[in-house]
Amino acid sequence: AFKVKIHSTGEIFDVGVDQSIFEALDENGIFLAVSCESGVCGTCQTGVIDGVPDHRDVFLTDKEHAQGKLIMPCCSRSKTPVLELDL
Ligand code: FES
């Protein structure tokens, strides 16, 4: 498990091992647009302010994965204890 931080508000939420970032935010009243929920379509693309994403999508390029400035929160996770998102 890890935490996500909302950049605009400073709020921090837990993401459980069995839920996605999208689901964890949804549970807390923060609604992201999603479509495929499997890392394919690109709908949920979100900026990363701090932390290192654990990419699970096939939408972003290898270069974008390496840069770590974008994440698909419907499926990807975090390698760091906290991932700060540009929301
Ligand atoms: Fe399709 Fe996240 S909803 S990539």
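Modeller: Helices (H or I, at least four residues) and strands (E, at least two) are DSSP runs, numbered from the N terminus. Residues are numbered from 1 along each chain as its sequence is written. This is a predicted model: local features need pLDDT of at least 70, side-chain atom pairs count only at pLDDT 80 or more, and totals for chains, interfaces and linings use all residues.

Biologist: What pLDDT does the chain average?

Modeller: Where pLDDT is low, the predicted coordinates should not be read in detail. pLDDT is the predictor's confidence in each residue, from 0 to 100. Here the chain averages 98, and 100% of the residues score at least 70.

Biologist: Which residues of β7 are on the covered face?

Modeller: In a regular strand the side chains alternate between the two faces of the sheet. In β7 (residues 82-85), L83 and L85 form the covered face, whereas V82 and E84 form the uncovered one.

Biologist: Is F22 buried or exposed?

Modeller: A residue is buried if 20 or more other C-beta atoms lie within 10 Å of its own, exposed if 12 or fewer, and partly exposed in between, with C-beta atoms placed from the backbone. F22 lies in helix α1 (residues 21-27); F22 is buried because 22 other C-beta atoms are within 10 Å.

Biologist: Which residues does F22 contact, neighbours within four places in sequence aside?

Modeller: Two residues are in contact if their C-beta atoms, placed from the backbone, lie within 7 Å. With those neighbours set aside, F22 contacts L32, V34, C44, P73 and C74. On the same terms, I21 contacts V4, V15 and P73.

Biologist: How many residues has the largest nonpolar core?

Modeller: A nonpolar core is a set of buried Ala, Val, Leu, Ile, Met, Phe, Trp, Tyr and Cys residues joined through C-beta atoms within 7 Å. The largest one has 16 residues, and V4, I21, F22, V48, M72 and C74 have the most contacts inside it. Two or more residues come from each of α1, β5 (70-71) and β7; α1 gives the most, with 3 residues.
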